[in-house]
Amino acid sequence: MSSLIPFWYIIIAILWTGFFILEGFDFGVGMLHSAVGGDEAGRRAAINTVGPLWDGNEVWLIVAGAGMFAAFPGWYATMFSAYNLALVLLLAALIVRGTAFEYRGKRDAARWRRTWDAALTVGSVLAPLLIGVALAGLLGGLPINSAQNFTGTFWDLLKPYPLWTGITLVLLCLLNGATFLCLKTTDDMRERSWQIARRVAPFTAAFVLGFIIWTHVTAGRAFWLNVIELLAILAVIAAVWLVYEHREGFAFAATAVTIASCIISIFADLYPNVMVSSTNPAYNLTVDNTASGGYSLKVMTVVVVILLPVVLAYQTWTYYVFRRRVSKSEFEPPGAPSAVAAKPEPAPQPTSPPAVPGS
């Protein structure tokens, strides 16, 4: 029992991290599809880079929530009570975003598609912002009493540190999405993605640096950064350098490592707490006072050991199958002029008449 509690805390951290690694570029593409696409064919091409992947990526969010409910029901109850309104907004953003993927192409009307494009962009921004605010609030502290009940209001969630964390995750998703589009598109779309990545990268690095320092101070740790926090700073610096060097593959990997390091740093600095009480440190929720019984944890461990590798193998195969680049020309209507005009052939030169003998 004592070993299964930290094991399941690690599993919860892995699930949240996996969600942001896989869904980070997904959110980024949703934010950037209009800017990178340029026209209807380009927007369709941008959306199709994540078309076969986005719904599978969101499964990790559902599993993370279900894992918290099963392994740490006390944590789940207090957290979801505190974030009640925020979770409604998050669900609305995810629903609108998913609906936009499916419905924007149902009618061939410009206004219809512009509406769903705006919904996709807004939903893709709100989702990482709200999740970042929620995760940072666990460490930053919320008004919780001795009965593990949340005693505050919605406005208690909107403190400077959680808001900074939310903005940091939005910028990371934006940069991750831009580098992903560099890898998955061609020609002018690829160039626009790279230009956006160049503009966003310095701001992302500045916010990540501020987030890591703020997280370290909030956790009240020793002066020196731990390994995970240091990795996040090094990874984001590498991402900026790789973006400017036009090494999009390595830049995408560096931004993914940065996202993972930022999420893990929250959970690493939070442990053994799961929610910090701003009312009294004695009221903190911990892994021990919120965990399920030993039998439940044993059954869940068997399930996760069997099924998690299956999910990983399935998603790896999905990414392999849909690994090719997507070109805007695939979505242009028949008869549309090509992006690169054909080179005109030179006009035939008149030939001189044959010479007459003796002239």
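Guide: What follows is a look at the salt bridges, with a short note on a surface patch at the end.

This is a predicted model, in which local features need pLDDT of at least 70 and side-chain atom pairs count only at pLDDT 80 or more, while totals for chains, interfaces and linings use all residues. Residues are numbered from 1 along each chain as its sequence is written, and side-chain values use heavy atoms, with hydrogens and water left out.

A salt bridge here is a side-chain nitrogen of Lys or Arg within 4 Å of a carboxyl oxygen of Asp or Glu, and by this rule the count comes to 15. One of them joins the side chains of Asp117 and Arg43, with an N to O distance of 3.4 Å. Because Asp117 lies in helix H6 (residues 110-140) and Arg43 in helix H2 (residues 40-48), the pair ties together parts that are 74 residues apart in sequence; helices are DSSP runs of H or I with at least four residues, numbered from the N terminus. Asp117 counts as buried at 6% relative accessibility, and Arg43 is buried as well, at 18%, where buried means under 20% relative accessible area, exposed over 50%, and partly exposed in between (1.4 Å probe, protein chains only). Both residues also belong to a network of salt bridges that links Glu40, Arg43, Arg104, Asp108, Arg113 and Asp117.

Two further pairs involve the segment after H11. Asp188 and Lys328 meet through their side chains at 3.3 Å, N to O; since Asp188 lies in helix H8 (residues 187-219) and Lys328 in the segment after H11, this pair ties together parts that are 140 residues apart in sequence. Asp188 is partly exposed, at 30% relative accessibility, whereas Lys328 is buried, at 12%. The side chains of Glu248 and Arg325 form a salt bridge of 3.8 Å, N to O, and because Glu248 lies in helix H10 (residues 248-270) and Arg325 in the segment after H11, the parts that this pair ties together are 77 residues apart in sequence. Here Glu248 is buried, at 10%, while Arg325 counts as partly exposed, at 31%.

Helix H11 itself (residues 294-321) contains Val299, which is partly exposed at 39% relative accessibility. Val299 belongs to a nonpolar surface patch together with Tyr295, Val302, Val303, Ile306, Leu307 and Val310, with about 690 Å² of accessible area together.

Terms used
Patches are made of residues with over 30% relative accessible area and no salt bridge: like charges are joined within 9 Å, nonpolar side chains (Val, Leu, Ile, Met, Phe, Trp, Tyr) within 5 Å. Accessible areas come from the Shrake-Rupley method with a 1.4 Å probe; for residues, only the protein chains shown count as cover. Helices (H or I, at least four residues) and strands (E, at least two) are DSSP runs, numbered from the N terminus.
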